[in-house]
Amino acid sequence: MNSFVHKTLVVELQAGDADRFPVLAHLSYDPSDPFAVTFVFSHDGRVLARWQLDREMVADGLARSVGTGDVRLRPESRGVGRELRMEFLGEARADGGRHHAVVFAWAETVGDFLHETHRLVPPGREEVRVDDFLADVLAGS
């Protein structure tokens, strides 16, 4: 049995109001952190950003707008396909603003990835080992 789920896909990074550029997105899921999925965005071999998102939030974002903080997700229709619009707010810039990125992924592909994570750890069956976590925190790990 595969203990991890990983998928690499081409997504589009929005620059300005309309231009989009292809970048790679590496989606991963580790059942030892059952509530999180990781998105790593890269281009020309360079990591552009790494975000850990709540798995349920990503699933909800395929159906409706979610998020009020640094990450906001919502479904959008484009031509014949549905997309997941992901908006990320990053660290402060020197001018007082914040770094900001908008990424579009095919909703069906993200849904397929989530389906694989649900086969590994069904929603509602996630286990959190609080004692192990506290032991790591107290040990300084």
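Biologist: What does the accessible surface of the protein chain come to?

Modeller: This is a predicted model, where local features need pLDDT of at least 70 and side-chain atom pairs pLDDT 80 or more, while totals for chains, interfaces and linings use all residues. Residues are numbered from 1 along each chain as its sequence is written, and side-chain values use heavy atoms, without hydrogens and water. Carbon and sulfur atoms hold 51% of the accessible surface (Shrake-Rupley method, 1.4 Å probe). The total for the protein chain is about 9100 Å².

Biologist: Which pattern does the protein chain follow along the sequence?

Modeller: Helices (DSSP runs of H or I, at least four residues) and strands (E, at least two) are numbered from the N terminus. The protein chain has three helices and seven strands. Read in order, the pattern is β-β-β-β-α-β-β-β-α-α.

Biologist: Is Thr117 buried or exposed?

Modeller: Thr117 belongs to helix H2, residues 107-120. Buried means under 20% relative accessible area, exposed over 50%, and partly exposed in between (1.4 Å probe, protein chains only). Because its relative accessibility is 0%, Thr117 counts as buried.

Biologist: Which residues does Thr117 touch, not counting those up to four places away in sequence?

Modeller: Contact means heavy atoms within 4.5 Å. Inside the excluded range, a polar side-chain atom of Thr117 lies 2.7 Å from the backbone oxygen of Leu114. Beyond four places in sequence, the residues touched are Val5, Tyr29 and Arg55.

Technical notes
A polar contact is a pair of N or O atoms within 3.5 Å; within protein, one must be able to donate a hydrogen and the other to accept it, and residues adjacent in sequence count only if both atoms are side-chain atoms.
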